[in-house]
Amino acid sequence: MTDDFAALLERGRTGDKRAVARLISHIEQGGEMARSVLTQLWPHTGRARIFGITGPPGAGKSTLTNALTKFWRAKGLRVGIIAVDPTSPFTGGAILGDRVRMGDLTLDTGVFIRSMGTRGQLGGLSPATAGAVHALDACGYDLILLETVGVGQSEVAVMEIADLVLVLNVPGLGDDVQAIKAGILEIGDLFAVNKADRPGADRTANELRAMLELGEEEKRPLPVLLVSASQGTGVTELCEELERQYLLLDGNGELARRRALRLRSELLTLVREGIEQRLLRPLLDSPMFAQSLERFQSRTESPYRWAEEFVTQISGGGPGYELHKS
Ligand code: GDP
């Protein structure tokens with residue numbers, strides 16, 4: 001089994017997109033399968049630059065991702081794109097499927113595109129997203145673009161996975177910049193106003209600059225660029241600015257700090273999942289739990305001491321509850 005993964009990785013590194021897709025599918029299965037693949041990939045990760053791109057629906061994220069990718073492809077870099085789509089609560093699948101809009105890029109052997117769902121309606125990344133980033137990193141993609149709709153929790157979660165976040169805005173979203181939620185401003189390392197070919201782009205950019213200056217701990221002015229993804233204007237400048245910001249973060253230790261935090265958060269997620277599966281699941285499924293709930297409901301017992309005692313017992317502080325005894 002391990003050898004199969006090694007072979008897939010080897011093929012992925014030479015640009016075989018089917019092999020990359022297989023690795024990601026294995027990771028999406030979760031459990032022992034994901035663990036085995038990721039363990040094999042791990043020594044090869046940590047090299048890619050990971051850029052997050054977020055903004056309101058229709059801001060032009062896909063169009064811009066397309067344009068940025070072409071710029072970096074022209075420089076000979078391999079680019080991996082993960083488009084995080086809000087998951088439909090009914091189908092549980094990614095609504096937009098594999099991006100049809102990125103048509104011509106899918107033919108480029110140096111570009112890998114994958115859509116992934118979010119965790120439920122409120123957003124947040126599915127646990128496999130970080131794994132997919134590792135897979136692309138290990139397969140030698142130099143740049144990984146993580147594109148997400150700025151709704152719910154997903155843009156904040158992207159920040160946790162990305163080295164650097166680009167927040168996209170557009171003119172004419174009603175109350176202009178106010179349409180960008182304050183929370184989004186905090187996660188941006190740089191900002192771009194797309195659709196600069198339309199009227200009002202300058203004003204939106206200026207309002208954005210003014211809002212950013214209100215930030216309390218303003219250490220350096222965050223760049224706000226004008227771009228037109230569909231016309232191609234300002235794309236080169238934006239790519240160069242992204243590279244410049246990356247080097248800045250790398251130079252001042254911020255990148256290393258973010259990566260350490262990310263690793264810590266990934267580790268915590270793994271440990272939490274393990275605890276939930278091994279300790280909480282059996283409890284939730286046990287008759288003892290159902291009976292305790294009834295006692296809490298009828299107020300014959302309080303849940304507070306019970307919970308504390310339970311934790312003490314499972315952490316080795318006592319003989320432990322006999323979970324499956326009725
Ligand atoms: P997303 O939902 O943020 O990924 O946005 P899309 O990339 O799908 O773009 C939404 C719409 O805006 C599409 O019809 C694009 O053709 C259009 N669009 C994207 N960039 C520009 C631009 O720079 N100028 C103009 N006028 N339209 C654009």
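**The sheet and its strands**

Modeller: In this predicted model, 7 of the 7 residues of strand β1 (residues 49–55) are buried, so β1 is largely enclosed by the rest of the structure. Buried means under 20% relative accessible area, exposed over 50% and partly exposed in between, with a 1.4 Å probe and protein chains only. Strands (E, at least two residues) and helices (H or I, at least four) are DSSP runs, numbered from the N terminus. Residues are numbered from 1 along each chain as its sequence is written; local features need pLDDT of at least 70, side-chain atom pairs count only at pLDDT 80 or more, totals for chains, interfaces and linings use all residues, and side-chain values use heavy atoms, leaving out hydrogens and water.

Biologist: Which residues of β1 lie on each side?

Modeller: In a regular strand the side chains alternate between the two faces of the sheet. Here R49, F51, I53 and G55 lie on one side of β1, with I50, G52 and T54 on the other, and all are buried.

Biologist: Which strand do 7 bridges join to β1?

Modeller: Strands of a sheet pair through backbone hydrogen bonds, either parallel or antiparallel. Strand β4 (residues 143–149) runs parallel to β1 and is joined to it by 7 bridges; two strands pair if DSSP finds at least two bridges between them. I53 stands opposite E147 in β4, and its bridge partner in β5 is L166.

Biologist: In what order do the strands form the sheet?

Modeller: The order is β3-β2-β4-β1-β5-β6-β7, an open sheet of 7 strands with parallel pairing. Strands β3 (111–117) and β7 (224–226) stand at the edges with a single partner strand each, so one side of each has no neighbour in the sheet.
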